[in-house]
Amino acid sequence: MKTRLEKFKESYFLYSFKRDKVAIFSFVTLTVFVILALTAPWIAPMNPYDSANIDIMNSELPPVWMEEGTSEFLLGTDNQGRDMLSTMLYGLRTSIIIGVGAVALQGIIGVVVGLLAGYLGGKTDAILMRLADIQFSFPYLMVAIFLSAIFQVVFGLGSFERLAIPLLTIIIGLSNWPMFARTIRASVMGEKNKEYVEAARVIGLPRWTIMFRHILPNSLTSVMVISTIQVANAVMSEAALSFLGLGMPVTKPSLGSLIRAGQEFFFSGSWWITVFPGIWLVIFVLVINLLGDWLRDVFNPKLYKG
Amino acid sequence: MSHLLEVKNLEVKFALRFGDITAINDVSFTLDKRERLGLVGESGAGKSVTGFSIINLISKPGFISKGSIWFEGNEISKYNDAQMREIRGNRIAMIFQDPMMTLNPVFTIGFQMVETLLAHRNISRAEARAIALEKLKKVHIPSPEQRLDQYPHELSGGMRQRVIIAISLLSDPAIIIADEPTTALDVTIQAEIMDLLQELCETDNMGLILITHDLGVVSQVTQKIAVMYAGKIIEFGPTDQVVHNPVHPYTIGLIGSIPGSIPPGQDLKQIPGMMPTLTDIPPGCAFNPRCELKQDICTRETPVLMEKQNGIMAACHMK
Amino acid sequence: MFAFIARRIIQAILVMLVISLVGFSIKDQIGDPVRDLVGERVTPAERAEIAEKMGLNDPFFTQYYRFVKNAVTKGDLGRSFLYNKPNLEVILHHAPATIELVFGTALIIIVISLPLGVYCALRPRTFLSRFTMSFSTLGVSMPVYLTAILLIFLFAIHWQVLPSYGRGDTIDLFGLGWWSTGLLTIDGLRHLILPCVSLSTLMLPLFIRLIRSEMMEVLETEYIKYAWAKGLSPARVWMVHAFKNTLLPVITVFGVQIGIMFAFTLLTELVFQWPGMGFMFLEAVHRADISLLIAYLVVVACLFVVVNTVVDILYGFINPTVRITGTK
């Protein structure tokens, strides 16, 4: 019996990963980003969320290589005197937490709905999928914007800002579950009439066991591919919401709110407040998208045969 | 006298990442006016590739690497694209395997017929439509007038194959190449379509190359048969001779496996094993691993196609 | 065909009922119609009296029925306290700006993505194709608002060749008062360029990729091979046979994406201070004008449903196979 590690070493997955320079580059970059984000509280020069550290006299300082730049603030400071580098590290951390959390939520809703609809069929299927269709016919960003607008009115601006991280996770999670539900349902429909499921049913395994232990593992590759793309989408949604002023508040900025805050200073010369978080966000989303594209190519047999 | 069509030492290769593989190896045959030739073999033997290489339409990585193709005295394998288009659908027409997939689903039958004519002749749309109608009548399609304005999905499979035959008749070609024209159809319709093809070839003086895996069909329609195996012709001769007195052990095996070829009560014979894939053709005779008569020489030397008996040519060391 | 259209329209109405129910429940829970009507300076006793008069104490479904009835028969979607006008009037007043933005963007997308997508499918190995494909991945990862900010910086501030904010000169159409258009003045058109270009960068990569992959798939089919075998010219095989089959799935996606574009107009409108529906929406959020928000939801949903339905029906007309299943 081979160990899992040995199996993995011989897999097509690893083989094609080693051959694809773009995939390796994206993976390494993404890993670096995630490590930077998770260790932000220890490696960042200052804590930008703590107003005690902020001195308004330091506001709008340019990056170190420009005149007036100081080595204390490598990438300059924003309009409130926060160190850009630290703020970007913290912002990325927030974006990743919300993005991953939202996709996990989407995944849970999607998997449960998709399994139920696909396996039970009939009326359950019709009702659940109709609901998914209705929501799907609206752009998820629109749904997310609307949900945050309502949440903001319900909670009031103060509480919304305090609870921003969990609320945004819920909002983005709720706004984009139909994608998962549809995919899971489609693969359940494909799997459920296969013989191994029939066999499991004949020996009297309960429904839930069959669904979770037998059908779900066979849908996992598609879940993995979608999840990757969805994390990129969720991060983009969070940034868009924050840019609109419906997401992370300026006191705890994510990358989107930083870009928003920097917008007016950009045109008067302080370009770094917008450009650095912008590049940061674009690279982060780009490597996730590149990895997602690569995963799709590897796991979609129709593609790698041709 | 020159032949209507002559294929000389044709070799077709497919350029793949790890190198070229040979799909057609040294294939030669001729076709005369009003002659009907069957190309027989298992799938993967190279019959379709041979058919498509005649009108230079081999699928992408494939290309003609050696040999020549002569049509009405001209070497058409040297033609450029524009010259070749004058041949395709005009002098040499093709019928594809699956009528469900062959017609473009978003255009009417009439549209697809008229455009073919307009591509080759300087006539008006109305004239083209009249010719289309005439050809539809010729293939015995009920209410042809109405069919012109219908979409492919509104017709049954057999009806669509008739339409495709009608399209191939449009510009009165010299040769029709039919690639498994009945494989995708019901058995009852198969016979009708084959009868129609044979009848049209006779009335319209056309040559026919019938590509099929079905020896039964070929024996009813054609005058000559070429049996292909792993990219080569291994037996070639008059149809009744090949069917009744086959020479090559592979052909014998093929005929032995047709139901009805042997007395009732006896078991059908099957050829053991499978045809090799093009990437690992064994040395010597490609058929040797499956052959009952195999000797040492068969694994060392490749047999050449030679005159054997009753006008049959075969490539076998043992016969 | 008739049955097909009828079924699509019934579906559309059902969707609208679900949406309006959701919208109305929200309004019922957190809205304040009394304030919307008379403002905040009234005594509690007066409030209760007005609430009773407005039927706010009626059972939920009675109120919902009234809401739908007013909306359908009178076009009455409630009142905005922020603008102190009927909601529908406020929305109609802002709608032309947004619709022009979406229209201009759609035009840019069609004009660029069709030729480029087809080219990439026909010549996948050329430099331009490879460049387009890698650039499109970057485009997908680029937020619209960032593109917009960069465009403003380059074209409006650095080179000063295009205007940056607002709609510029507009003309009042048909003397309606609410329908103003920037499409008829040079200044209006110049103001449209940057917002439309930045909005189109969002969808362009997607459409180029979609058209390319659909076209490549079509080029592999038997009927294209047969078209070659009939001796048709490359122009005819590609531009007639392959193109029409490519376009069918693209049209459906286009319908959906137009809807999605409406969501992203919020971002562009914010950056360009574009006085459209998105701008109005953000204003309504900041001032907690629930009534206007719900009216916006209903109107936008209606817009989506209409666009989706029209696209589906159009698709039925173009694609002969759908027409038949529709009549069954």
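The expected span of a helix is 1.5 Å times one less than its number of residues. Helices are DSSP runs of H or I, at least four residues, numbered from the N terminus.

This is a predicted model: local features need pLDDT of at least 70, side-chain atom pairs count only at pLDDT 80 or more, and totals for chains, interfaces and linings use all residues. Residues are numbered from 1 along each chain as its sequence is written, and chains are lettered from A and ligands numbered from 1 in the order in which they are written.

**Exercise 1.** Check the length of helix H5 (residues 87–122) of chain C, then find its bend.

Solution. 
- Start with the 36 residues of H5(C); at 1.5 Å a residue they should span 52 Å.
- Compare the end C-alpha atoms: they are 50 Å apart, which agrees.
- Now the bend, the angle between axes fitted to the seven residues ending at a residue and the seven starting there. H5(C) bends by about 35° at C:Ala95.

**Exercise 2.** Describe the contact of chain C with chain B.

Solution. 
- Contact means C-beta atoms, placed from the backbone, within 7 Å.
- Count each side: chain C supplies 20 residues and chain B 23 residues.
- Find the elements of chain C that give two or more residues: helices H9 (222–229), H10 (234–272) and H13 (320–327).
- Pick the top contributor: H9(C) gives the most, with seven residues.
- Sort chain C's side: eight nonpolar, seven polar and five charged. Ala, Val, Leu, Ile, Met, Phe, Trp, Tyr, Cys and Pro count as nonpolar, Asp, Glu, Lys and Arg as charged, and the others, Gly among them, as polar.

**Exercise 3.** List the contacts of A:Ile145, leaving aside its neighbours within four places in sequence.

Solution. 
- In chain A, the partners are A:Leu241, A:Leu244 and A:Leu246.
- In chain C, they are C:Ala263 and C:Leu266.

Notes: Two residues are in contact if their C-beta atoms, placed from the backbone, lie within 7 Å.
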